[in-house]
Amino acid sequence: MSQAAIDSMASELARIVGADKVWSGAQAQQRYPGDKSWLTLVHAHHGKPLNQPQLVVAPHTVEQVSDIMRLASREGISVTPLGGGSGVQGAANANLGGLLLDLNGLNRVREIDEQSLTCTVECGMNVKVFDTELNKQGLTFTHDPASAEWASVGGAIAARGSGVLSSRYGNIQDHVLSLEVVMPDGSVVQLPSVPRHGVGPELGQLFIGSEGTLGIVTAARVKLQRQAKARRFSAYRFPDLAAGIAAGREIVTTGLRPAVIRLYDVKSAVLSLEKMAKAGIDGETMVLMIEGQHEALVEVESRICDEICRSHGGRMLESRVGAEWWANRYDMSHPPHVPQLPQIWMTMDAVADFRCIEALYTGVTQAIEHSIEPKWGLTVKTHLSHWYEWGAMIYSRVIVPKGPDTLDEAVDLHDRIVAAAVEASLVAGGVMNDHHGVGMRLAPHMARQFGPAGMSLLQGIKTGLDPQGILCPGKLGLSTGA
């Protein structure tokens with residue numbers, strides 16, 4: 001946009017939301033530096049920010065969002081929605097300029113239905129604040145990511161996020177019953193109040209994980225749970241990772257649903273879990289947490305899980321290992337554990353079915369370890385923390401102690417690691433990401449993941465819903481134009 005166009009647009013936006021909720025130029029970019037991804041931080045450090053909105057607007061009602069999208073559609077201005085900014089993939093960056101839509105003002109709980117245990121909540125509601133409010137009524141929102149204190153409900157939906165309790169309660173898509181969505185032309189769509197109905201395709205799932213490219217989720221009807229009345233922790237040292245995977249597979253494929261199953265490989269157990277528990281952990285270790293409304297059921301489930309783990313060679317450790325992990329589970333998101341520049345860091349959370357999961361772990365670990373020269377001192381620690389009836393996810397934390405001094409060389413090193421991990425994931429029969437979304441980091445690999453026909457299908461959906469291409473241009477590896 002020219003400066004004249006920016007000024008005109010700012011004036012129109014001010015009429016919708018008020019002048020104090022509109023920012024432009026350098027003020028906009030200083031106020032909104034971007035998300036928490038390494039790509040965002042390293043570019044900003046070198047004075048070449050990825051987030052370059054020409055305008056930022058902060059509505060606080062769905063009606064205002066609708067009016068803003070009508071204006072943007074009329075003027076052909078690109079729009080990038082922003083939630084809590086906790087993403088680690090670069091999805092929330094307005095890297096092609098245009099308008100950044102700050103949705104944090106849509107932060108109300110509209111309705112709680114205690115009979116149905118559902119709640120209609122707006123997209124800008126902070127996840128931790130939301131859960132704290134529910135706790136006052138004996139309820140809980142069991143989407144519990146490590147980013148809860150920063151993440152918004154809408155951001156979790158946009159990235160198809162997950163939380164530490166997913167093995168029992170599911171990922172965010174399992175929490176969502178219905179959505180309110182503002183389309184690129186400003187029209188507001190209210191999807192059916194219950195999911196998986198027999199009146200056509202499940203449209204809600206189309207928007208979950210679409211990262212704002214197809215429409216802007218402004219509210220969601222989500223499932224709630226009553227707060228657990230009973231909880232049991234346990235931990236097991238396994239002879240090797242394969243034995244731990246076999247135990248986890250038997251647990252989830254026989255109808256048991258621990259809220260937490262975390263299986264650590266050697267490096268992750270010794271370098272991460274042991275720091276929390278200080279229990280002499282020296283190898284592959286599984287942490288289990290079982291909870292529920294009925295003490296008797298929790299006891300039975302705990303006993304059966306114990307029998308399964310022991311049958312696969314698991315040796316029970318002190319239960320405080322699990323309790324210590326639970327009490328300190330968010331520490332890795334705070335100093336001094338959070339990596340800092342000039343380090344290079346990332347997580348690769350690939351997912352596969354049980355037939356492929358061991359090959360996925362081995363292939364991705366080796367690919368990452370050999371992706372760059374040994375002189376960089378790369379380390380990779382992996383755990384499996386999201387388990388499904390059909391498979392599991394590997395969550396690899398990668399650190400390079402000090403990256404190159406120049407931006408281009410640092411990004412190249414980062415991209416080589418990512419490319420190696422993605423390729424190994426696909427070769428092993430897995431999917432390159434489980435719950436962090438695509439963003440700018442994985443967008444270059446979408447065509448490899450979906451193939452030509454799959455990308456054509458995605459592009460067709462994008463073009464059909466957003467013919468002007470104004471929502472998040474270039475994201476998900478899709479075309480930037482109509």
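Predicted model: local features only at pLDDT ≥ 70, side-chain atom pairs only at ≥ 80, totals over all residues.

Biologist: Fine. Which domains does the assignment give?

Modeller: Domain 1 is 3-104, domain 2 is 109-226, domain 3 is 230-332, domain 4 is 339-437 and domain 5 is 438-469.

Biologist: Let's look at domain 4 and domain 5. How many residues are in contact there?

Modeller: On the domain 4 side 16 residues are in contact, with 8 residues of domain 5. The centres of the two domains, over C-alpha atoms, are 22 Å apart.

Biologist: And how much area do domain 4 and domain 5 bury between them?

Modeller: About 960 Å², with 60% of that on carbon and sulfur atoms. In domain 4, the residues losing the most area to domain 5 are L426, M432 and G437, which together make up 49% of what that side buries.

Biologist: How many salt bridges are counted between domain 4 and domain 5?

Modeller: The count is 1 salt bridge. R448 pairs with E423, and their closest N and O atoms are 3.0 Å apart. There are also 3 residue pairs in polar contact between domain 4 and domain 5.

Biologist: Which elements give two or more residues to the domain 4 side?

Modeller: Strand 16 (344-353) and helix 15 (407-427). Helix 15 gives the most, with 7 residues. By class, that side of domain 4 has 9 nonpolar, 6 polar and 1 charged residues.

Biologist: Switching topic: what does UniProt annotate at 49-227?

Modeller: The unreviewed UniProt entry has "domain: FAD-binding PCMH-type" over those residues. In the model, the span 49-227 is 23% helix and 24% strand, and its end C-alpha atoms lie 42 Å apart.

Biologist: Now the backbone. Where is the cis peptide bond?

Modeller: From L341 to P342, with omega near 15°. P342 sits in the loop between helix 13 (320-327) and strand 16.

Biologist: And what about phi at K278?

Modeller: K278 has a positive phi of about 50°, although this residue is not a glycine. You'll find K278 in the loop between helix 11 (266-277) and strand 14 (285-292).

Biologist: Why flag those?

Modeller: Because most residues other than glycine have a negative phi, and most peptide bonds are trans.

Biologist: Last one: how many salt bridges does the structure hold?

Modeller: It holds 24. One of them is R329 with D144, where the closest N and O atoms are 3.4 Å apart. That pair links distant parts of the chain, 185 residues apart. R329 is in the loop between helix 13 and strand 16, while D144 is in the loop between strand 7 (139-140) and helix 6 (153-158).

How values were computed: Residues numbered from 1 in each chain as written. Heavy atoms only, no water. Domains from an automatic or database assignment. Contact = heavy atoms within 4.5 Å. Buried area = accessible area lost by both parts, 1.4 Å probe. Salt bridge = Lys/Arg side-chain N within 4 Å of Asp/Glu carboxyl O. Polar contact = N/O pair within 3.5 Å; in protein donor to acceptor, adjacent residues only side chain to side chain. Helix = DSSP H or I, 4+ residues; strand = E, 2+ residues; numbered from the N terminus. Nonpolar A, V, L, I, M, F, W, Y, C, P; charged D, E, K, R; others polar. UniProt positions renumbered as here; feature names shortened; annotations may be inferred.
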